[in-house]
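Please read the points below with the sequence and the model open side by side. They are meant as a careful first walk through this structure for someone who has not seen it before.

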Amino acid sequence: MSSESDFERRITSRIETIVEKQAQFSEDMLKLDMRLDKLTEGLNKLTEGLEAHSTHLRNLTDALLSLTNIVERQDEQIKQNSEQIKELTDNMNALIRVVERHISNHP
């Protein structure tokens, strides 16, 4: 009977070890779940931040495109103004020549 009681003690010991390991495993899994929850929360915050930055970048891109369009229109307007000033200068010079001739021909 000693061998039966030895066998029972070994089985009981192994069962206790298995139960302890299972308890430790469950505790470890709970800790991992908690860490995973924290990591998920951090990832969600990073994702929100990235989405906000993406929105800001889109807004900045739109603003930059708008400014580029304004600059292009102003460049065109400057070219037109320069041409008009040149025409006006040519016309004024022509008028000055006409007036000078008129004055010089009438003493």
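1. The model is a predicted one, in which local features need pLDDT of at least 70 and side-chain atom pairs count only at pLDDT 80 or more, while totals for chains, interfaces and linings use all residues. Residues are numbered from 1 along each chain as its sequence is written, and side-chain values use heavy atoms, with hydrogens and water left out.

2. The secondary structure of the chain amounts to 1 helix and 0 strands, where helices (H or I, at least four residues) and strands (E, at least two) are DSSP runs numbered from the N terminus. With a radius of gyration of 45 Å, well over the 13 Å that the globule rule gives for 107 residues, the chain is more spread out than a compact globule. That radius is taken over C-alpha atoms, and the globule rule is 2.2 Å times the number of residues to the power 0.38. Helix α1 covers residues 2–105, and the C-alpha trace of the chain spans about 155 × 15 × 15 Å along its principal axes.

3. How much of the chain counts as buried? Of its 107 residues, 0% do. The chain exposes about 10200 Å², of which carbon and sulfur atoms supply 60%; such areas come from the Shrake-Rupley method with a 1.4 Å probe, and for residues only the protein chains shown count as cover.

4. A nonpolar patch on the surface is formed by Phe-7, Ile-11, Ile-15 and Val-19, which together have about 370 Å² of accessible area. Patches are made of residues with over 30% relative accessible area and no salt bridge, like charges being joined within 9 Å and nonpolar side chains (Val, Leu, Ile, Met, Phe, Trp, Tyr) within 5 Å. Val-19, which is placed in helix α1, counts as exposed because its relative accessibility is 51%.

5. Side chains of opposite charge can pair when their charged atoms come close. The structure holds 4 salt bridges, a salt bridge being a side-chain nitrogen of Lys or Arg within 4 Å of a carboxyl oxygen of Asp or Glu. One of them joins the side chains of Glu-27 and Lys-31 at 3.5 Å, N to O, and these two residues are separated by about one helical turn because they are 4 residues apart in helix α1. Glu-27 is partly exposed at 38% relative accessible area, and Lys-31 is partly exposed at 45%.

6. Lys-45 counts as exposed at 53% relative accessibility, whereas Glu-41 is partly exposed at 45% relative accessible area.

7. In the pair of Asp-90 and Lys-86, the closest N and O atoms of the salt bridge are 3.3 Å apart, and both residues lie in helix α1, 4 residues apart, about one turn of the helix. Asp-90 is partly exposed with a relative accessible area of 39%, while Lys-86 counts as exposed at 53% relative accessibility.

8. Which residues form a negative surface patch? Glu-72, Asp-75, Glu-76, Glu-83 and Glu-87 do, where Asp and Glu count as negative and Lys and Arg as positive, with His and the chain ends not counted. Glu-87 is found in helix α1 and counts as exposed at 51% relative accessibility. For the chain, the mean positions of the 14 positive and 20 negative charges are 4 Å apart, the place of a charge being taken as NZ of Lys, CZ of Arg, CG of Asp or CD of Glu.

Key:
Buried < 20%, exposed > 50% of the residue type's maximum accessible area, 1.4 Å probe, protein only.
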